Amino acid sequence: MRDFKKFTSGELRRQLFKDHKIELLNHLKIKENKYKIWMDRFDDYAIRDVRSVHTKINYIHLNPVRKGLALRAEDYRYSSAAFYKNQTEGKIKVTHFINALGF
């Protein structure tokens with residue numbers, strides 16, 4: 001989990017710099033050249049069926065809405081919500097979880 005958080009936070013930070021999202025970067029900044037993307041804790045959750053995957057994906061998709069970054073989940077350009085709603089490719093290449101997990 002540590003490696004995942006380190007990699008994804010670095011990639012996200014680089015993309016935000018590239019897209020000139022300075023206001024968002026400043027919101028994530030905790031000190032000079034140090035940004036907080038992920039929470040310190042980690043809660044595991046066993047995914048047992050397709051329904052639980054949908055529940056978790058929907059929760060994640062709503063995070064930008066809860067934080068005021070988008071009005072609708074599918075409007076947030078760094079999300080897979082538009083892909084899952086209408087198969088629209090966004091900023092990030094998405095593989096449907098059915099294909100990725102083999103459900």
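Arg2 is exposed, with a relative accessible area of 66%. That figure is over the 50% cut-off, so Arg2 counts as exposed. The model is predicted. In this model, Arg2 forms a salt bridge with Asp3. The closest N and O atoms of that pair are 2.8 Å apart.

**Salt bridges**

A search of the whole structure finds seven salt bridges.

| Pair | N to O distance |
|---|---|
| Arg2 and Asp3 | 2.8 Å |
| Arg72 and Glu74 | 3.3 Å |
| Arg72 and Asp75 | 2.7 Å |

Arg72 has a relative accessible area of 44% and is partly exposed. Asp75 is partly exposed too, at 39%. Glu74 has 22% relative accessibility. Buried means under 20%, so Glu74 at 22% still counts as partly exposed.

**Overall fold**

The chain holds five helices and two strands. Along the sequence they follow the pattern α-α-β-β-α-α-α. The C-alpha trace spans about 45 × 30 × 20 Å along its principal axes. The chain has 103 residues, and buried residues make up 24% of them.

**Helix 3**

Helix 3 covers residues 50-66. How far apart should its ends be? At 1.5 Å a residue, its 17 residues should span 24 Å. The expected span uses one less than the number of residues. The end C-alpha atoms are 24 Å apart, which agrees.

Five residues of helix 3 are buried: Ser52, Val53, Ile57, His61 and Pro64. What covers the buried residues of helix 3? The cover includes helix 4 (81-86) and helix 5 (97-101). Just after helix 3 comes Gly68, with a positive phi of about 75°.

**A positive phi at His20**

His20 is found in the loop between helix 1 and helix 2 (22-28). Its phi is near 60°, a positive value in a residue other than glycine. Most residues other than glycine have a negative phi. Is His20 buried or exposed? His20 has 65% relative accessibility. The cut-off for exposed is over 50%, so His20 counts as exposed.

**The second largest pocket**

The second largest pocket has a volume of about 350 Å³. Its lining is made of 14 residues. Nearest its centre lie Ser9, Lys34, Tyr35, Lys36 and Ile37.

Which elements supply the lining? Helix 1 (2-18) and strand 2 (34-35) each give at least two residues. Helix 1 supplies the largest share, six residues.

Definitions and conventions
Residues numbered from 1 in each chain as written. Predicted model: local features only at pLDDT ≥ 70, side-chain atom pairs only at ≥ 80, totals over all residues. Heavy atoms only, no water. 1 Å grid on protein atoms, 1.4 Å probe; cavity = no way out; pocket = protein on both sides within 12 Å on 5 of 7 lines; lining within 4 Å. Points joined across faces, edges and corners; volume = space filled by probe spheres on them. Helix = DSSP H or I, 4+ residues; strand = E, 2+ residues; numbered from the N terminus. Buried < 20%, exposed > 50% of the residue type's maximum accessible area, 1.4 Å probe, protein only. Salt bridge = Lys/Arg side-chain N within 4 Å of Asp/Glu carboxyl O. Contact = heavy atoms within 4.5 Å.
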